[in-house]
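Thanks for coming, everyone. I would like to walk you through one structure today, going from its charged pairs to its aromatic rings and then to its surface.

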Amino acid sequence: MAITTKRTRVWFERINGSKNMLWLLGTLSFLETIILPIPIELVLIPLMAANKQRIWLLATVTTAGCLIASLVGYGVGMLLFQSIGTWFIEFMGMQNSYQAFQTFFEQYGFIAILCIGILPIPFQVAMITAGLSGYPILLFVLAALMARGVRYFGLAWLVHRFGHRVLVLWKRHALVTSLVAGVFVLMLALGMQALATLIV
């Protein structure tokens with residue numbers, strides 16, 4: 001078992017041995033998206049490797065937990081930015097990331113959400129910015145679904161193919177892998193955007 005820290009091992013054993021594993025995983029995904037600074041992959045990869053018969057269900061539950069959290073963040077940006085939103089950004093120390101993403105979001109919108117959803121950058125800034133700007137919620141959900149779907153279902157495929165070794169590879173190359181996936185999705189989205197412009 002490629003789990004190195006005691007805390008992570010305890011989390012894994014507690015979740016994997018529980019009858020409510022799917023609910024716990026969904027809750028962990030929700031919390032990781034909202035506030036937890038610990039990457040869910042540290043628990044998700046061993047959990048997938050130990051439950052290969054349900055690997056795609058685990059990816060679905062993780063994605064669903066993230067999407068629910070994304071909608072909460074969107075709502076905070078849309079309705080409660082001046083109170084909870086600003087406090088949360090300051091509390092998490094994301095002022096610089098938030099300001100940088102605002103410029104990126106104003107230029108690229110949907111593509112910006114896609115990229116930040118895949119890259120190892122706090123997704124909270126995308127959720128709050130999209131809600132604050134009044135970005136169409138259906139497009140926001142679609143972008144979040146595509147981004148996190150690539151992240152978690154891609155991870156499920158890797159674990160299905162390579163097993164526990166993926167955790168070691170992920171720890172060594174998480175940033176590179178995320179960047180490659182982000183560039184791929186960015187090129188795909190830009191291509192779709194250019195095609196849509198030509199059709200119109």
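What you see is a predicted model, in which local features need pLDDT of at least 70 and side-chain atom pairs count only at pLDDT 80 or more, while totals for chains, interfaces and linings use all residues. Residues are numbered from 1 along each chain as its sequence is written, and side-chain values use heavy atoms, with hydrogens and water left out. When I name helices, I mean DSSP runs of H or I with at least four residues, numbered from the N terminus, strands being E runs of at least two.

Let me take the charges to start with. How many salt bridges does a search of the whole structure find? The search returns two, where a salt bridge is a side-chain nitrogen of Lys or Arg within 4 Å of a carboxyl oxygen of Asp or Glu. One of them joins the side chains of E32 and R151, at 3.7 Å from N to O, and this pair links distant parts of the chain, with E32 in helix α2 (residues 21-34) and R151 in helix α9 (residues 137-162), 119 residues apart. E32 counts as buried because its relative accessibility is 12%. R151 also forms a salt bridge with E41, where the closest N and O atoms are 2.7 Å apart. Since E41 lies in helix α3 and R151 in helix α9, that pair ties together parts 110 residues apart in sequence. Both R151 and E41 are buried, and E32, E41 and R151 are linked in a network of salt bridges.

Staying with α3, which spans 41-50, I would point to N51, placed in the loop between α3 and α4 (55-79). N51 is buried, because its relative accessible area is 8%. Leaving aside residues up to four places away in sequence, N51 touches N16, M21 and L58, a contact being heavy atoms within 4.5 Å.

Now to the aromatic rings. The rule I use is that rings of Phe, Tyr and Trp (its six-membered ring) pair if their centres lie within 6.5 Å, with planes under 30 degrees apart counted as stacked, over 60 as edge-to-face and the rest as tilted. By this rule the count comes to three aromatic pairs. The W56 and F153 rings, with centres 6.4 Å apart and planes at 10°, are therefore a stacked pair. Because W56 lies in helix α4 and F153 in helix α9, the pair ties together parts that are 97 residues apart in sequence. W56 is partly exposed, at a relative accessible area of 39%, and F153 is also partly exposed, at 30% relative accessibility.

The rings of Y74 and F140 have centres 5.2 Å apart and planes at 35°, so this pair is tilted. This pair, too, links distant parts of the chain, Y74 being in helix α4 and F140 in helix α9, 66 residues apart. Is Y74 buried or exposed? Y74 counts as buried, because its relative accessibility is 4%, and F140 is buried at 0%. Ring pairs link Y74, F123 and F140 into a cluster. R148 lies over the face of F123, at 4.7 Å from the ring centre; the criterion there is that NZ of Lys or CZ of Arg is within 6 Å of the ring centre and within 35 degrees of the ring normal.

Next, helix α8, residues 124-133. Eight of its ten residues are buried, so α8 is largely enclosed by the rest of the structure. Among the buried residues are V125, M127 and I128. Just after α8, G134 takes a positive phi of about 75°.

Finally, the surface. M78, L79, L80, I84 and W87 form a nonpolar patch with about 530 Å² of accessible area together. Such patches are made of residues with over 30% relative accessible area and no salt bridge, like charges being joined within 9 Å and nonpolar side chains (Val, Leu, Ile, Met, Phe, Trp, Tyr) within 5 Å, and the areas come from the Shrake-Rupley method with a 1.4 Å probe, where for residues only the protein chains shown count as cover. M78 sits in helix α4 and is partly exposed at 46%, while L80 is found in the loop between α4 and α5.

Note on methods. Buried means under 20% relative accessible area, exposed over 50%, partly exposed in between (1.4 Å probe, protein chains only).
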